[in-house]
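I opened my notebook to work through one structure. I wanted to know how its parts are arranged.

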Amino acid sequence: MADEDKKPSNFIRDIIAEDLQSGKHEAIQTRFPPEPNGYLHIGHAKAITIDFGLAREFNGKVNLRFDDTNPVKEETEFVDAIKEDIAWLGWSWDKECYASDYFEQLFEWACSLIEKGLAYVDDQNGEEIRLNRGTLTEPGKPSPFRDRTPEENLDLFQRMRAGDFPDGSKVLRAKIDMASPNMNLRDPVMYRIIRQHHHRTGDKWCIYPTYDYTHGQSDSLENVTHSLCSLEFEDHRPLYNWFIEKLEIFPSRQIEFARLNLTRTIVTKRKLRQLIEEQHVHGWDDPRMPTLRGMRRRGFTPESIKDFMARVGVTKFNSRTDFALLEHCLRQDLESRAPRRMAVLDPIKVTITNFPEETEWYEGPNHPGDASFGTRKVPLTREIYIERDDFMEDPPKKYFRLAPGREVRLRYACYITCTKVIKDEAGNVVELEAEFDPESRGGSTPDNRKVKGTIHWVSATENVKFEGRLYDHLFMSDDPEDVEEGHTFLDNLNPESLQVITAYGEPELAQHGVGDIVQFERKGYYCLDPDSTPDQWVWNRTVSLKDSWAKKG
RNA sequence: UGGCCUAUGGUGUAAUUGGCAACACAGCGGAUUCUGGUUCCGUUAUUCCAGGUUCAAGUCCUGGUAGGCCAGCCA
């Protein structure tokens, strides 16, 4: 492809290209290693794009590996949800793997480490281990059990597996360096005793390996050449390499990159859960959530997310990307693929006093720039709805919508001129009257006179009434988690992140199915929500159109 | 007063590896338009600081400064 070489470089791509060119690897293998304890979010999408994207770009392979080493947090439900979300993004994996498939191998390797005097069983409890680990500035103290013989350790470790000891009473630790400035090297725990049903291994095990003792070896077993992860694992890399070296197994290479941060967005699992539990949102797939399920329901497309990730790039710098970039990618994608429809979200009735009693049908293109979308017919009747803010009784200079005595075009239909403003007792404009020019049917007149404004409209009698859910950012500040003393991220919640309205759309709207995305002309992109029922349509606002008029006002 | 990592317009990134700092988003201005959308054109603004090496430094060296991560039997 032509734009293949336009792809901006990043340091990981460079490393891979170099490794391939130098012959270090004939082909590359990556992996995406989620822990099945929650739903995927936009942050995961970055990792997915990198892991799958790079593998595909270099004709390599990518495994989906579930990092299921902690049975207390993991569930099959999440395994399925994760697979579904990755597939939705449009990626397919070469092998589906589970760290738990390697438990036996990992156990054997642990025994070999014990035999080499590189691991020992520690009887200290969690509290003691923590206390003796030292601090960032002080070295740790060796465990009193650190110098047990390999024979004793092996026996103890086997009995740990056999279930001879209660939960938490013993751990297996790597024997490295209690004085290391890198805390991860101060004899990290390799195994802990946990009597808990595992989603795949059932009750076969009562000891479970830790992430550090599992991840690198899993990579190695799968011949992962480039193990890409986020920055917080930088400090773990020496340990990752240590296990691989001591075990003398295939040397996978861990490379870290910065995770994605977005303005007005949080992805912290605990806080997302809190939002649900305290009912600030309606669930993991609430369209305001940064979860892939939420974004899908909102109307985000996989293409827009991938495009976004390509533009965000890959670095080791902790940055925060403007949400507007994601919205730009979304709009750009939707612009070319969403059929156009008309819907009035905040209606005011207009009676076209000289309009005939019979309905007139006008034809409009489904896409202004792509004839392959075809056309559809829209009914115009004597009474219509227009957008409340498309009328102003006393308009400013540059306002070119409807006003008393002012003429506008009803999109796809004809010209109308406002002839009367009807108000209630409080002086609010409640209804309008207008006259249409019969000559203007079709959208233009023989005299070719210009009308400044074109507005959208919906018949007041022949329409589809629906519920509109107008979504906005869940948070008002760029970094919702950056709060002053005494405040929490909840204080940054946008009270208007969801506005529910009753709206009216053209009849064609009834032809759409759940998940369809259309553009309500002059308003925004909308996605048909799964909550829709035969007698209550629900359209979610995916993202509004850019509005350079509103900005000026 | 520990270790590791990072620093380029407002934001996110690039820079043929020492050779005219560029792209996108956002902003601003204009043209086109039956969407105040799209499209097109234009425009504002950048190498954390101080030294050093060099004909030449965003890039190399030294020293600062600022930010991120690490003291789970989480991943």
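**Notes on RNA strand B and a sheet**

I began with a lysine: a polar side-chain atom of Lys546 lies 3.4 Å from a phosphate oxygen of RNA strand B. I counted a polar contact as a pair of N or O atoms within 3.5 Å. Thr69 also reaches a phosphate oxygen of RNA strand B, with a polar side-chain atom at 2.5 Å. For Asp322, I found a polar backbone atom 3.5 Å from a sugar or linking oxygen of RNA strand B.

The model is predicted: local features need pLDDT of at least 70, side-chain atom pairs need pLDDT 80 or more, and totals for chains, interfaces and linings use all residues. Residues are numbered from 1 along each chain as written, chains are lettered from A and ligands numbered from 1 in written order, and side-chain values use heavy atoms, without hydrogens and water.

I noted 66 residues around RNA strand B, and Thr69, Arg340, Arg401, Arg409 and Gly442 come nearest. Of the RNA atoms within 4 Å of the protein, 65% belong to sugar or phosphate.

Then I turned to a sheet. Three strands form an open sheet in the order S1-S2-S3, with parallel pairing. Strands here are DSSP E runs of at least two residues, and helices are H or I runs of at least four. Pairing needs at least two DSSP bridges. S1 (29-32) and S3 (95-98) are the edge strands. S1 and S2 (residues 61-66) pair over four bridges. Thr30 stands opposite Val62 in S2.

How values were computed: A residue is near a molecule or strand if one of its heavy atoms lies within 4 Å of it. A polar contact is a pair of N or O atoms within 3.5 Å; within protein, one must be able to donate a hydrogen and the other to accept it, and residues adjacent in sequence count only if both atoms are side-chain atoms.
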